[in-house]
Structure formats: C-alpha cells, structure tokens
Amino acid sequence: MIKKILKGEYKGLWSVRIQPTINGKRMRITKRAKTRLEAQKLEIDLKVKYAGYKNGLPSITDESNFLDEYTKYVEKKAQSITATTNRSCSYSLTLLNEYLKKKNELDIQLKDIDQHFFNDFAHWYIKDHPKASVKKSTVIDVSLAHFRTFFTFLLDKAVLNVNPIPRGYLKLFFKQSDFSTGRKWHLFSKDEVDALRKELLKEYEVSTVANSVSKLALLVDTYLGLRPEELQVLKFDQLVKYEGSYTFKIDNSWSEKEKKPNGSLKDRPKGAYRYSLPIKNNKIIDLIKEFQIKQKKYLNEYGLKNTSGYIFLNLHNYRSISSNNQLPVTQASLNDMLKAACSKSRIEKQKNSVLALYSLRVYLSSLLGNDNRISNMYACQRMGNTIQVFLSTYVKENRESYKQNSRLWSC
C-alpha cells in the first residue's frame with residue numbers, strides 16, 4: 001500500500017507498506033520514499049525481496065548492521081586462518097569500530113556501504129595516523145583487502161550485488177603522489193657476501209658452543225636464503241641428500257609472536273614440504289654435522305637434551321631447553337649478529353635500505369632470477385614463492401650485472 005504522509009515529522013513523503021507472510025506469520029514492513037514514482041518502485045522491490053523469504057528470513061540481509069556482521073565474520077574466520085592473519089583481521093575491525101564511532105554511524109546498514117565510504121575511510125586512516133603510508137602490504141592496504149574479502153563473501157551469499165571495494169583500490173582512492181616508495185632491502189654484492197662468509201666462519205671457529213649458534217645460522221643462510229621463521233626451526237634430520245646435493249627438506253616455520261611453531265610453511269597446508277636451495281659447499285655440511293656433536297656434548301654437561309631437533313636452539317635459555325617448548329635463536333639476535341658481522345667486514349648499508357636477514361634472501365633470489373641457465377619455476381619451488389611474488393618482490397638486477405651494463409653502454 002502506498003500513501004502520502006500528510007502530517008508529522010515525515011510530512012510530504014510517501015509511505016510504502018507491505019505485509020508479507022514469513023513462516024506462516026504476517027509481518028508489517030514500512031518504508032518511505034520522496035516521490036510517488038520512487039514509492040511505486042520501492043513497493044515492487046520490497047514485494048520481490050520478501051517473496052524469497054517466505055520460508056524464513058536469512059541470517060544476513062542488505063539491511064543488516066555492517067559492524068555487527070563484520071564482527072561475526074572476523075570471529076568465525078579466526079577458526080580457519082593463522083594467528084598472524086587473525087591479528088591483522090581483528091585490527092581492521094578495531095579501525096572500523098573507531099571510524100564509525102567518530103562518524104556517529106555505528107548503525108549503518110550493509111546496503112548503505114559504497115565505494116565512497118571506503119574512500120573516506122582510507123583517507124581518514126592516513127590522516128589520523130601520521131606514521132602511516134600508502135603502499136602495498138601496509139595497514140591500510142591489508143585492512144581494505146580484508147573488507148573486500150568480506151564483501152566478496154556477501155556477493156556469494158547474494159546479499160549484495162556489487163562489491164564496494166573495487167580491484168586496485170589504492171590506485172583509485174589515492175593519487176600517485178600519496179604513495180610511498182616502500183621498504184628497500186640492502187642488496188649484497190658477490191664480494192660482500194664472500195667477505196661476510198669469511199667473517200662469520202672466522203668468528204664461529206673461535207666462539208663457544210653457546211655463542212656460535214647465530215653465527216652458524218647466518219653462515220648457513222648465506223647459501224639458503226630462507227625466511228627467518230623457516231631458518232629458526234631447521235632440524236638436523238631435515239638435512240638430506242636430494243638430486244645429488246645436500247639440502248634441507250623443510251615443513252615448518254616459527255611464530256616469533258606466539259613463541260611456538262606454526263605447524264606449516266607460510267601459506268601452505270600442514271604436512272606440505274619443500275626442498276631448499278642445494279648447498280654445494282661441503283665445508284658447510286661438515287660444520288653442521290660437527291655442530292650436532294658439539295651441541296649434544298654441551299647439553300649433556302648440563303643434563304639437558306635437544307628434544308626439538310632444532311639446529312639453532314637457543315643454548316643460553318636453559319629454562320626453555322628443559323621445557324616442552326624449546327626456543328630457537330630469535331630473529332632480533334640474528335639481525336643484530338648480521339649487522340655486526342657486516343660492520344666488521346666493512347660492508348656499508350646502501351642508502352635508504354634495510355639490512356636484515358631478508359637481504360640474504362633477496363640476494364640469492366636475484367642470483368637465481370638473473371641466471372638464464374636456471375628456470376624461474378625451479379627458483380620459485382626452492383624459495384617457496386609463487387612466480388608472481390618471486391619476480392616482482394625478490395628479483396632485482398644484481399649489482400655486478402648493473403655495473404657491467406653501465407660499462408657496455410655507449411651513445
């Protein structure tokens with residue numbers, strides 16, 4: 001039924017009322033429109049919409065509260081994602097709650113969310129957080145990605161017809177000058193890596209067993225380029241001979257925040273494994289085997305045992321060694337040791353770059369990506385990346401070829 005409102009707060013508007021039957025019960029649904037034409041269209045839309053609800057209202061509709069539904073989504077999603085992703089997802093919920101409170105829109109419905117809403121949200125976040133920046137993998141990028149996934153879920157449920165967050169949202173929401181260049185890893189040269197290896201080996205050979213763990217870890221990683229969390233949980237029994245060379249068959253990673261293994265490799269199901277890069281230097285293999293004997297002897301002196309099998313067990317933490325949750329060396333100590341070794345090797349960090357374990361990963365990935373004899377597929381499998389991530393994130397022109405190209409160029 002359509003009727004013009006003649007008095008009261010909504011005088012001049014048109015009232016639209018339908019009385020659908022849902023689960024055998026008659027309901028009264030009332031909406032308002034500005035004109036008679038809009039009211040007629042609204043009446044048809046409401047009748048079509050509620051005709052599909054005759055067996056019961058769905059658990060979520062376009063009239064559901066956005067904040068409530070996203071909260072439920074995040075809580076349910078926590079059961080199927082990693083702890084790190086869950087923290088990121090929960091923070092996007094915190095930001096949404098903060099933004100809606102500031103705008104006094106806590107009651108906003110899903111149907112009222114559009115692209116402009118998230119455009120305003122993105123600019124609010126950057127303005128309200130002075131240290132925030134616009135680039136790939138930042139808080140605003142990841143938060144918008146979580147929201148986009150939520151609305152894709154609603155599209156699949158036929159709750160909405162359009163995702164309010166488009167593809168390439170950052171480029172649509174921000175102008176080019178708003179973007180930051182992003183983090184740049186220090187890119188080692190071959191001479192620098194050779195010098196670093198010599199320094200680490202020299203220090204390892206004169207260190208006590210407990211103080212040699214981080215040095216050995218870094219030395220091994222100059223050949224493997226593992227993610228820090230993968231390097232931490234390398235085990236002695238994972239050192240295998242595969243396709244004629246020694247390598248590590250890895251299947252786990254470490255959560256620095258949770259202080260326990262993740263149970264799987266990054267973005268891989270439990271039980272999935274991969275082989276790391278082969279180690280062709282037999283001296284490194286001998287060092288690992290010799291260290292296993294040294295570590296066992298050292299622990300026996302204190303009545304302790306390496307139950308985890310970790311090569312790079314934190315030998316200074318006796319409490320963790322004697323517990324059920326043995327801890328490896330921390331990423332912070334590895335990064336500190338790397339910087340100290342680089343300083344002693346007179347390796348200067350490139351301007352505006354970050355010197356950390358990932359620098360070794362970038363170095364080895366660049367060698368692989370720039371070697372025409374090696375297929376990108378092989379490199380991706382050994383480094384544990386998709387080919388897109390491998391080429392776009394890790395493969396840089398190595399410093400030797402860059403200098404050579406500069407020398408070859410003439411005009």
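At what angle do the axes of helix 7 and helix 10 cross? This is a predicted model, where local features need pLDDT of at least 70, side-chain atom pairs count only at pLDDT 80 or more, and totals for chains, interfaces and linings use all residues. Residues are numbered from 1 along each chain as its sequence is written, and side-chain values use heavy atoms, with hydrogens and water left out.

Now to the pair itself. Helices here are DSSP runs of H or I with at least four residues, numbered from the N terminus. Helix 7 spans residues 190-206 and helix 10 spans residues 282-301; their axes cross at roughly 25° and come within 13 Å. The axes are lines fitted to C-alpha atoms over the stretch in contact, with angles from 0 to 180 degrees between N-to-C directions. Helix 7 is therefore roughly parallel to helix 10, a label for angles under 35 degrees.

Next, the cysteines. If a disulfide is a pair of cysteine sulfur atoms within 2.5 Å, the count comes to zero. Cys89 is buried at a relative accessible area of 3%, and Cys342 is buried at 0%; buried means under 20% relative accessible area, with a 1.4 Å probe and protein chains only.

Finally, look at helix 14 (residues 376-383), whose buried residues are Ala379, Cys380, Arg382 and Met383. Just after helix 14 comes Gly384, with a positive phi of about 80°.

Terms used:
Helix = DSSP H or I, 4+ residues; strand = E, 2+ residues; numbered from the N terminus. Parallel < 35°, antiparallel > 145°, perpendicular 65-115°, else oblique. Buried < 20%, exposed > 50% of the residue type's maximum accessible area, 1.4 Å probe, protein only.
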